[in-house]
Amino acid sequence: VALLLLLLAMASIETLLLSTLSDDNRARREAEAQLEKLSESDGFVVRLLQMCGDGRADPRVRLSASIMCKHSVKKSVGTGRPPGSKCDPRLKEIKTVLMKLIGIQRELLPQVEKQIILTIAETAKFEWPFHWKDLFPSLGGIIKSKATEYRGLSLLDGILEELANLRMREARVERAKACQSMLDALESAWTSHMNAIERILDSKDAAKEGSGRMFRTALILSKCLQKLVLFASLPPFPLTQPQRRVLPKLLQYLRSIPGKRKRFDENAPFFEDLTSLSTTLALTVCRLSEIHPLSFVPFLRPFFSFACEVLQHSIVDGRAIFEEFSILCIRFLRNVLKCPHYLPNAKLRIPYGASEADVKFDRKEAALVNKMQKECGGKLIEVAVTKLMPMTERDCKVWRDSPEEYFHAVDRLYQYESLRPAAEALFWDLIKYHKDSVGSVVVKMLRH
């Protein structure tokens, strides 16, 4: 009898989910209370997942089922389990069904797909690596299929975002291994898509040839690649071979793609796609210089030179050209300027139990990076003062109309929110860390 009642209750889940959307507060609260009771029974979450993938069900029901599924799984996972604890059979079944649903060979409702991706990513945060060892292999299979490639990449991006702040060293080591494997698998696809975009941009009628799907896939691949490159090794130890292979390609695409964006400013979707792709590539370099300051040294000089070139050509006729990209270049330059490890005879922060030989820090290359900073310092400070920091016509108008309003508007700006505060921060860093090499340039500018 109890089993029959449970089956009947399970069958009524769809009706209850519809009732939770009712304008009648009493009916909605009653439905929510019944669903809360059912959530404690075996098979409840699996039934919700089946409804999410049921193309015949009401779209509203499917979305409600996906949201309730996310909250139920989050409640089941809690705050995680110790590495040696036994896996709950119900949770194991839920994880299996989740991966089957995300790998389904037909389209899911976009909102439902988003909720399922969030559910898997949040579950991975607590269950991986000790209680969900097959997560990344299963994900690799989903990405290989053309029908589910984009969905799999979106899930990979979400999972890596959730796994960004792992504390246990064992977990970080496992993450590095998984990222190396995924980087190996995705590098050729990323290269292929980026090369295709270069060909599209070089064609005479690029805007018509460019496929929106191609750009979306290239963007999500670049976002995944950014996280994979960051996590595929543990700082301060050397970069792995997959990471080292990607960096020259990254510089190549930074040199070729952002500079062609201006040609398509009248084609809004195309222009926005290029903007997102370019800033994602630039952010990868910024974060590498922040997370891997020691192991990134052998590749630093070409990127540093490129960032300096961008700033020299970032203002034309008093207007900023691709301001977001220029700001990211300033952020990268500031990371390099502030890093104490590039100074002569710098003391390295080595993890306990490791030696400088394990880190393999290239002091000769670091010295060349420091020398380049000094050589470029004068040009950079001149560019910052004469091109990036002056007030625009609009600034002058606001200042004349209301000096107080202008002051408060500028004072509230975050240093990377606009080009001028970013340039001011770069100016002070150059003064602070290379006053000997830039001092004469500043004095010369003050005299004139």
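Guide: The lining of the largest pocket divides into 12 nonpolar, four polar and nine charged residues; here Ala, Val, Leu, Ile, Met, Phe, Trp, Tyr, Cys and Pro count as nonpolar, Asp, Glu, Lys and Arg as charged, and the others, Gly among them, as polar. The model is a predicted one, in which local features need pLDDT of at least 70 and side-chain atom pairs pLDDT 80 or more, while totals for chains, interfaces and linings use all residues. Residues are numbered from 1 along each chain as its sequence is written, and side-chain values use heavy atoms, with hydrogens and water left out.

Visitor: What makes a space a pocket, and what volume has the largest pocket?

Guide: On a 1 Å grid over the protein atoms alone, a pocket is an open set of points with protein on both sides within 12 Å along at least five of seven lines, whereas a cavity is a set where a 1.4 Å probe fits but cannot get out. Points are joined across faces, edges and corners, and a volume is the space filled by probe spheres set on them. The largest pocket has a volume of about 620 Å³. Of its 25 lining residues (an atom within 4 Å of a point), the closest to its centre are P390, T392, D395, S418 and R420.

Visitor: Which residues line the largest cavity?

Guide: L254, A282, V285, C286, F303, F306, A307, L328, C329 and F332 line the largest cavity, whose volume is about 80 Å³. Its lining holds 10 nonpolar residues, no polar and no charged.

Visitor: Why is the pair of W128 and F136 called edge-to-face?

Guide: Rings of Phe, Tyr and Trp (its six-membered ring) pair if their centres lie within 6.5 Å; planes under 30 degrees apart count as stacked, over 60 as edge-to-face and the rest as tilted. W128 and F136 lie 5.2 Å apart, centre to centre, with 75 degrees between the planes, and are therefore an edge-to-face pair. Both W128 and F136 are also buried, that is, under 20% relative accessible area, with exposed over 50% and partly exposed in between (1.4 Å probe, protein chains only).
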